Amino acid sequence: MKKILALVCALVMACGLFVTANAEGDLLKIGYVQVGHESDWRMANTQNYFDVFTKEAGFDLELIDCDNDHALQLSKVREFVQKDFDYIVIDPIQTAGWDDVLKEVQDAGIPCIIADRSVDASPDLYTTAVGTDMTAEGETAGKWLEEYLAGKEAKILVIEGSTGSSAAIGRAEGFNKVAANHPEWEILASQDGDFTQNGGQAVMEDFIKRFPEFDVVVCHNDNEAYGAMDAMDAAGIKYGVGEKIIISFDATNEGLKRTLDGQILCDVECNPIQAVIVMNVIKALQAGETVEKFTLVPDEGFCAPGIESAIVTTMTDEVLAGRKY
Ligand code: GZL
């Protein structure tokens with residue numbers, strides 16, 4: 001019976017019709033090594049995969065929360081290879097250290113999709129990648145600050161994302177590219193807050209001790225921004241329009257609420273709703289189509305009410321109500 005079903009599937013696929021079934025006619029086994037559970041963004045991304053890769057849709061998804069442990073990601077990918085998964089999706093905690101395991105996946109003939117963050121490895125070593133442009137996100141933040149300061153001097157503190165992650169590397173690169181054009185800006189310090197609220201609070205507490213004078217805090221994600229706010233609240237430091245400027249990334253629902261309330265002045269989106277894009281890539285591959293080497297997930301930026309901007313969208317209740325996450 002299985003052989004007949006497999007033949008039918010092969011014939012159907014050969015005719016370009018698509019079924020989400022592997023050669024044995026079973027559900028497509030998808031292995032996803034997820035970064036962890038460090039932020040609201042991450043939880044939205046994980047939930048999105050569970051919502052999309054359902055059995056009803058023809059998938060058997062195994063999503064592993066690797067809790068920011070690169071070695072665990074490598075060993076789980078190797079487990080997926082051993083279990084002969086149909087597709088392997090990797091959201092790499094860090095950009096480095098992927099060549100060997102990607103070669104093993106490729107030698108096993110398993111299509112590999114790099115999702116969200118990126119790897120420092122030849123694109124020849126994986127099938128395709130899906131993600132946002134983190135450098136552009138950093139540039140958007142820099143260009144908004146350039147517009148908002150309009151030539152004024154600024155002392156800037158940066159709470160970075162996890163060291164070695166493409167998100168932290170890209171956002172820093174993009175922001176610094178704009179900052180390089182502004183000798184009147186001074187970046188006082190830049191420290192890893194690991195994309196968590198506790199991390200953001202600890203770094204901001206240290207910054208407050210070391211830097212009595214500062215004007216801007218750039219946080220590489222919303223959870224770090226909440227932690228920075230906690231630290232500033234405890235120290236009696238005000239932030240918002242006319243006070244210390246907080247710039248953040250992710251534009252999660254809570255982040256945009258705080259932007260609408262004027263606590264965060266600029267929040268640059270990084271869209272976690274990526275699972276349908278990944279699913280469509282898998283369906284195309286199943287149908288024997290060629291896919292682009294990279295699929296960009298578009299995003300934009302937002303600023304607090306009362307701030308006019310040509311760079312980002314000014315927040316309103318309607319903008320918040322229209323958000324998907
Ligand atoms: C960005 C993503 C980052 C988010 C953080 O694409 O990898 O990781 O900006 C998350 O919130 O922790």
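At 38% relative accessibility, Lys103 counts as partly exposed, a class that lies between buried (under 20% relative accessible area) and exposed (over 50%), as computed with a 1.4 Å probe on protein chains only. Asp107, by contrast, is exposed, with a relative accessible area of 55%. These two residues form a salt bridge in which the closest N and O atoms are 2.9 Å apart; the term denotes a side-chain nitrogen of Lys or Arg within 4 Å of a carboxyl oxygen of Asp or Glu. Both residues belong to helix H4 (residues 99–107), where they are separated by 4 residues, about one turn of the helix. Helices (H or I, at least four residues) and strands (E, at least two) are DSSP runs, numbered from the N terminus.

The structure is a predicted model, in which local features require pLDDT of at least 70 and side-chain atom pairs count only at pLDDT 80 or more, whereas totals for chains, interfaces and linings use all residues. Residues are numbered from 1 along each chain as its sequence is written, and side-chain values use heavy atoms, with hydrogens and water left out.

The salt-bridge rule gives a count of 18 for the model. Side chains of opposite charge can pair when their charged atoms come close. Lys177 counts as exposed at 51% relative accessibility, while Glu139 is buried, with a relative accessible area of 16%.

A further salt bridge joins the side chains of Asp116 and Arg42 at 3.2 Å, N to O. The pair links distant parts of the chain, 74 residues apart: Asp116 is in the loop between S4 and strand S5 (128–131), and Arg42 is in helix H2. Asp116 and Arg42 are both buried. They also take part in a network of salt bridges that links Glu38, Arg42, Asp91, Asp116 and Arg117.

The side chain of Glu38 makes a polar contact of 2.8 Å with the side chain of Arg42. A polar contact is a pair of N or O atoms within 3.5 Å; within protein, one must be able to donate a hydrogen and the other to accept it, and residues adjacent in sequence count only if both atoms are side-chain atoms. Beyond its neighbours within four places in sequence, Glu38 is in contact (heavy atoms within 4.5 Å) with Asn68, Arg117, Asp194, Phe195 and Thr196.

Strands of a sheet pair through backbone hydrogen bonds, either parallel or antiparallel. Here an open sheet of 6 strands has the order S2-S1-S3-S4-S5-S11, with parallel pairing; two strands pair if DSSP finds at least two bridges between them. Strand S2 (59–65) and strand S11 (294–296) are the edge strands, each pairing on one side only. From one strand to the next, the twist averages 20 degrees. Helix H2 (residues 40–52) packs on the sheet and touches strand S1 (28–34), S2, S3 and S4, its direction making about 160 degrees with that of S2. Axes are lines fitted to C-alpha atoms, for helices over the stretch in contact, and angles run from 0 to 180 degrees between N-to-C directions. Strand S3 (residues 87–90) pairs with strand S4 (residues 112–115) in the parallel sense over 3 bridges, and Ile88 stands opposite Cys112 in S4.

Two other buried residues were examined. Glu224, in helix H8 (residues 222–234), is buried, with a relative accessible area of 0%. A polar atom of its side chain lies 3.4 Å from the backbone nitrogen of Asp194. Ser162, in the loop between strand S6 (154–160) and H6, is buried, with a relative accessible area of 6%. Apart from neighbours within four places in sequence, Ser162 is in contact with Asn68, Ala168, Asp192, Asp194 and Phe195.

The domain assignment gives domain 1 (2–132 + 272–292) and domain 2 (134–270 + 302–321), with bounds that come from an automatic or database domain assignment. The contact between them takes 13 residues from domain 1 and 17 residues from domain 2. The C-alpha centres of the two domains lie 33 Å apart.
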